[in-house]
Amino acid sequence: MTSQAASNPPGSRSLHRFANPGRFLRLADAVLPWCAGLTAIALAVGLAAALFVAPADYQQGESVRIMYVHVPAAWMALFAYTCIAVASAAALIWRHPVADLAARSASPLGAAFTFLALATGSLWGKPMWGTWWVWDARLTSVLVLFFLYLGHMAISNAFEDPGRGRKAAAILALVGFVNVPIIKFSVDWWNTLHQPASVTRIGVPTIHPSMLWPLLLMGVGFTLFFFTVLLLRMKSELLAARLRNLRMLSVEGR
Amino acid sequence: MTSRKKRRMTLIGLGMLALAGATAMVLTAFQENVTFFYSPSDLQNKDVPKGRNFRVGGLVAEGSVEKIGDGATVQFVVTDGGGTVPVRYRGLLPDLFREGQGIVAEGKLNGQGVFVANEVLAKHDENYMPPEVADALKRSGEWQKGQATADGAVQ
């Protein structure tokens, strides 16, 4: 293994550096305190800014504050799925055990973000649109994303042989990835009740700077939160696996 | 990279391409069904379902909202710049309903070409700003420009 890695060109070596669980654990331990600390700061300042500093909207009034949770949650729902798809491709192509672990550890987080986006969107929709839910292209495709996350979680545990479950889950994650561009562009391709993008669009954001910076800060906080919890989940999985191995060894040794 | 890894990579790449192509074709085929509402100009140019419920969306024309009959029924004109359709609705209107604002109404066309709605939803655009900024924009005359680009709903 080491001789093979040494003979590879530098590019492929750097990719395989994180395939080693021991090295990953050391890296996670070094990064985690920083991630956790910055998450706390970004979310505390972001929430305070969103709830107290940012102005009310000229049309929506105070209800606009739901946006500071809804939009970052929706961004993370798409981001987490993209991470899962990339990690699944790496796991299928290079048989990369840590990538596989990352994909499986990220899906409950992604499901939680998607649920948060759906729930907060619904709470905003009732007073603003006049309805909790409509079957337009944006809302429906995000609901499909939620079910994809649930399916990914279920299928990776559905097999007697964990290896087969992982492979099936990775393929599902890749197939489901077609939904991500559909969600992003649904508001441009079709008439939807949901408004088009205000920040991630070509040209200047159509959101006033006094509302944009708290939103971006919340986005940073959500992203850091995602990585903190992802690293924690992966770490505990790896430690649990190590514990199982030790127990097996001690049983055999007896 | 070994040949097996290369093969797996090609397989996944081709699979994703085929999937994306198939999805694109399906979505193009179902274009009409995915669309949440018709615009007033669609009503004039396209075949819209007669005699069954559908949705129409656009801006509420300035100065067109009037109460008729019993006082609980409102009638207003929905426009997208190209076409217009009168909409009649009896019931509670959402908070964001106002002249110049986007709405989506669900209902049927009656014999006189009036769209009788059983539900009216407000459509929010992608502009977010404090009230003072909105007032300043209106005063300086920049408002119309901003509104026109914002109006993705009724292109």
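Which residues does UniProt list for "binding site" in this structure? The unreviewed entry gives two, B:His124 and B:Tyr128. Keep in mind as you explore that this is a predicted model. Let us take the two residues in turn.

Begin with B:His124. You will find this histidine in the loop of chain B between strand S6 (115-123) and helix H4 (131-140). Is B:His124 buried or exposed? Its relative accessibility is 1%, and buried means under 20%, so B:His124 counts as buried. Now look at what surrounds this residue, leaving aside neighbours within four places in sequence. From chain A, B:His124 is in contact with A:Asp57, A:Gln59, A:Gln60, A:Trp124, A:Trp129 and A:Gln195. From chain B, the contacts are B:Leu96 and B:Gln101. With A:Gln60 there is also a polar contact, made side chain to side chain at 2.9 Å.

Next comes B:Tyr128, which sits in the loop between S6 and H4 of chain B. Its relative accessibility is 8%, so B:Tyr128 counts as buried too. If you again set aside the neighbours within four places in sequence, B:Tyr128 is in contact with a list of chain A residues, among them A:Asp57, A:Gln60, A:Val64, A:Met67 and A:His208. Which side chain makes a polar contact with the side chain of B:Tyr128? Here the partner is A:Gln195, at 3.0 Å.

Four helices of chain A each give two or more residues to the lining: H4 (67-94), H5 (97-128), H6 (137-156) and H8 (179-189). The helix that gives the most is H4(A), with 8 residues.

Finally, turn to helix H3 of chain A, which covers residues 21-53. Where does this helix bend? Follow H3(A) to A:Val31, where the bend is about 35 degrees. A proline, A:Pro33, follows within four residues of that point. Some residues of H3(A) are buried, including A:Phe24, A:Leu25, A:Leu32, A:Cys35 and A:Thr39.

Conventions: Residues numbered from 1 in each chain as written. Chains lettered and ligands numbered in written order. Predicted model: local features only at pLDDT ≥ 70, side-chain atom pairs only at ≥ 80, totals over all residues. Heavy atoms only, no water. UniProt positions renumbered as here; feature names shortened; annotations may be inferred. Buried < 20%, exposed > 50% of the residue type's maximum accessible area, 1.4 Å probe, protein only. Contact = heavy atoms within 4.5 Å. Polar contact = N/O pair within 3.5 Å; in protein donor to acceptor, adjacent residues only side chain to side chain. Bend = angle between axes of the 7 residues up to and from the residue.
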